[in-house]
Amino acid sequence: MNIKNIVFIILRLILGGMMVYGGVQKFQKPIPSPVEVVEKAEKFKAPEKEGTLQKILYISGAKQTGYFWQVLGICELLFGLLVLLQGTGFVGAIFLLPITLHIFLFHLFLEADELGELLETGGLFAINILLIIKERSKWKHLLWIKPV
C-alpha cells in the first residue's frame, strides 16, 4: 500500500466520520416549538445581529418542516457510512456532494465571519471533491458520450 492510498483512506475516514457525527447530532436535541423560535429570533432583531437572525431562522425553518431536518440527518448518517465502507465509498461520496456543498455555502453566506467553521466545511467539501475525482476513470465516460 502506497502513501497515496493511505492519504485517501484518511480522507474517507474524516469525511465519513464527520457526516456520521453530523447525522447523529440532528437527532440529539428536541425540535423547538414555533413560539420558542420566534422568542429566540426576537433577541436578534438588531441590524448588527442580522447574520445570527438569518442562521436561526434558516435552521429553525428546516426543523419546523417536520421532515427536512430528519431526512438530512438520515442522509448524512447513511452516506457517511457508505463513504466509510471500502466498497461503497465512491457512491457515498457522490451522494454526499450536494450535502457538503450546501453545508459549505451555508457557512460561506451566513457565517462568513466564522473563519474556523468556514475552513472546516470548505475542507470537507474539498475532500468530497477529491474522493470523486480520484475515481474519475469510473465516471468520466458518462460526461461525454459520442453520438453514433
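**Figure 1. Helix 4 and helix 5 cross in a left-handed manner.** A crossing is called left-handed if the near helix is turned anticlockwise from the far one by less than a right angle, and right-handed if clockwise. The model is predicted: local features need pLDDT of at least 70, side-chain atom pairs count only at pLDDT 80 or more, and totals for chains, interfaces and linings use all residues. Residues are numbered from 1 along each chain as its sequence is written, and side-chain values use heavy atoms, with hydrogens and water left out. Helix 4 covers residues 68–84 and helix 5 covers residues 89–110; they pack at an angle of about 140 degrees, and their axes are 8 Å apart. Helix 4 is therefore oblique to helix 5 (angles under 35 degrees count as roughly parallel, over 145 as roughly antiparallel, 65 to 115 as roughly perpendicular and the rest as oblique). Axes are lines fitted to C-alpha atoms, for helices over the stretch in contact, and angles run from 0 to 180 degrees between N-to-C directions.

**Figure 2. Residues of helix 4 meet residues of helix 5.** On the helix 4 side are Leu 72, Cys 75, Glu 76, Phe 79, Gly 80, Leu 82 and Val 83. Helix 5 contributes Gly 89, Gly 92, Ala 93, Phe 95, Leu 96, Ile 99 and Ile 103. Contact means heavy atoms within 4.5 Å. The contact of helix 4 with helix 5 has 10 nonpolar, 3 polar and 1 charged residues (Ala, Val, Leu, Ile, Met, Phe, Trp, Tyr, Cys and Pro count as nonpolar, Asp, Glu, Lys and Arg as charged, and the others, Gly among them, as polar).

**Figure 3. Thr 100 lies in helix 5.** Thr 100 has a relative accessible area of 2% and is buried; buried means under 20% relative accessible area, exposed over 50%, and partly exposed in between (1.4 Å probe, protein chains only). Apart from neighbours within four places in sequence, Thr 100 is in contact with Leu 15, Met 19, Leu 124, Phe 125 and Asn 128.

**Figure 4. Leu 15 is a residue of helix 1, residues 3–25.** Leu 15 is buried, at 0% relative accessibility. Not counting residues up to four places away in sequence, Leu 15 touches Val 83, Leu 96, Thr 100, Leu 124, Ile 127, Asn 128 and Leu 131. Pro 32 is 17 residues from Leu 15 along the chain, and their C-alpha atoms are separated by 29 Å.

**Figure 5. Helix 1 packs with helix 6, residues 115–134.** The angle is about 130 degrees and the axes are 10 Å apart, which means that helix 1 is oblique to helix 6. Their crossing is left-handed. Helix 1 makes the contact through Phe 8, Leu 11, Arg 12, Ile 14, Leu 15, Met 18 and Met 19. The residues of helix 6 are Glu 120, Leu 124, Ile 127, Asn 128, Leu 130, Leu 131 and Lys 134. By class, the contact of helix 1 with helix 6 divides into 10 nonpolar, 1 polar and 3 charged residues.

**Figure 6. Pro 30 sits in the loop between helix 1 and helix 2 (34–42).** With 70% relative accessibility, Pro 30 is exposed. Lys 63 is 33 residues from Pro 30 along the chain, and the C-alpha atoms of Pro 30 and Lys 63 are 9.6 Å apart. Of its 148 residues, 32% count as buried.

Definitions and conventions
Helix = DSSP H or I, 4+ residues; strand = E, 2+ residues; numbered from the N terminus.
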